Amino acid sequence: MLFNSIEFLIFFPLVVAVYFATPHRYRWLWLLAASYYFYMSWKAEYLILIVVSTLIGYFTGLRMGKIPEKSNRKKLLILSLCANLGILFAFKYFNFFNDSLRAIFNQLNLFYNVPVFQVLLPVGISFYTFQILSYSLDVYRGHKEPEKHLGIFALYVAFFPQLVAGPIERSTRLLPQFFEHHHFNYQRAADGVRLMAWGFFKKIVIADRLALIVNDVYNHPTEYTGMPLIIATYFFAFQIYCDFSGYSDIAIGAAKVMGFDLMQNFNRPYFAKSIREFWQRWHISLSSWFRDYVYIPLGGNRVTQGRWYFNLMVVFLLSSLWHGAAWTFVVWGGLHGLYLLVSIWTAGLQAGLEKFLRLDRAPLLQKLIRVGLTFNLVSFAWIFFRANSIADAFYIVRHLLVGLELKTNYGLAGGFYGYIFGLVMIIFLLAVQVGQRRGSIRQSLALSPVWLRWAVYYVFIFTIFTFGYFGTTEFIYFQF
């Protein structure tokens, strides 16, 4: 069931109404049933996987809680990690490694006949697997008491607003909220609905409109050179941001209506002044997950310099594989790791150059240059993320600056008005985000006069229905 579907517009109000009408002690059961139904609407059989993963995480956590010595809990932690990662590997990564080995063996003229695993990737498997793993690790470390209520733990794993594409919540944050008695609060619900509306706008009006042009170019890259490739690449940068942050807004807003607080997942990432800052603003729940459960346990930066560089690259490469089982994602993650290493190696040179150019005396110009450079580096890496193959990605890279003719129509979907509309929406998005520096626009709107508030609402709804693309396209991160 897609957020941007008629089914969800019926499903969500019904879930909320029954939730608040149900006695507190039974609400977990209703939310769990609704969450499982939500997940089964894609493919009912995959409910078995999420139930199996839930039971593994629950019983190993329960058992670890009965063992006082941390060293003696390690076997149970390994069991949980291996079982859950094993399921993830089988459904998401087996064919990738299998095909890669087949290619190597074929180059060596060696026989290799391991069959392909014919199965569809279960939606959300990377998200709920990492949520279970963080719980197991928190219990192992003693940061979280094991959850004794199986139903509540199952709800923590399958909570429908953030089940399919996050945010990846921590057990220490989300689990206690399921025991709280939430009363319907109009202001909270209204704020949640406003956030959901903004998420729908970013998805339907901006992301899906930009996708028409992006898909046209990236699905047939060899038909284009120069400006069409540049336009599609920049448009994809904003498409993926509006698509994923739009999902997060809808998820956080839906949870807020029912009284739950999910963590912020995006914080104006394209205003980042460095690659390091970009990853502090982009997909925050995942980047913080890798920081806490991979980077720091590896030693972080409290190791030798060479080992520190190794730790950084491991995190980026693992993060790239988390996103998808393809070499395009590996290159994308490797590029970001390389960006970060180069920025570390050249920190002194950068500071010296900025001082020589006297940018320290023009802080706004200095910021604009840093933001512009970071955005272009990120956009270049997005080529590999979006490309359908390594060959397509390298074709686009080689032909970005070939034949840079300025035309009113490049033969792209929607023609001239299509990319002008996309450009206007991007400028509008950036203007809104600049306004957010001084505080929440949603809160300011809530405090505005009634006539102004509702005028904005009507214009907003009119814009969605007039300019939105209602092709019920999936969110990009559903494939991860």
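Thr-129 sits in helix 5, which spans residues 125-141. The model is predicted. In it, Thr-129 is buried, with a relative accessible area of 1%.

**Thr-129**
- Apart from neighbours within four places in sequence, Thr-129 is in contact with Asn-84 and Leu-88.
- The value of 1% puts Thr-129 in the buried class, because that class takes residues under 20% relative accessible area.

**Helix 4 against helix 5**
- Helix 4 covers residues 74-107, and its axis lies 10 Å from that of helix 5, at an angle of about 175°.
- Helix 4 and helix 5 are therefore roughly antiparallel, since angles over 145 degrees count as such.
- On the helix 4 side, the contact is made by Lys-74, Leu-77, Ser-80, Leu-81, Asn-84, Leu-85, Ile-87, Leu-88, Phe-91 and Lys-92.
- Helix 5 contributes Ile-125, Ser-126, Thr-129, Ile-132, Leu-133, Ser-136, Leu-137 and Tyr-140.
- By class, the residues of this contact comprise 11 nonpolar, five polar and two charged.

**Largest nonpolar core**
- The largest nonpolar core has 143 residues, and the members touching the most others are Phe-8, Tyr-270 and Trp-382.
- Helix 10 (residues 227-257) gives the most to this core, with 20 residues.
- Not counting residues up to four places away in sequence, Tyr-270 touches Ala-237, Phe-238, Ile-240, Tyr-241, Phe-278, Trp-282, Val-371, Phe-375, Val-378 and Trp-382.

Note on methods:
Residues numbered from 1 in each chain as written. Predicted model: local features only at pLDDT ≥ 70, side-chain atom pairs only at ≥ 80, totals over all residues. Heavy atoms only, no water. Core = buried A, V, L, I, M, F, W, Y, C linked by side-chain atoms within 4.5 Å. Buried < 20%, exposed > 50% of the residue type's maximum accessible area, 1.4 Å probe, protein only. Helix = DSSP H or I, 4+ residues; strand = E, 2+ residues; numbered from the N terminus. Contact = heavy atoms within 4.5 Å. Axes fitted to C-alpha atoms, helices over the stretch in contact; angles between N-to-C directions. Parallel < 35°, antiparallel > 145°, perpendicular 65-115°, else oblique. Nonpolar A, V, L, I, M, F, W, Y, C, P; charged D, E, K, R; others polar.
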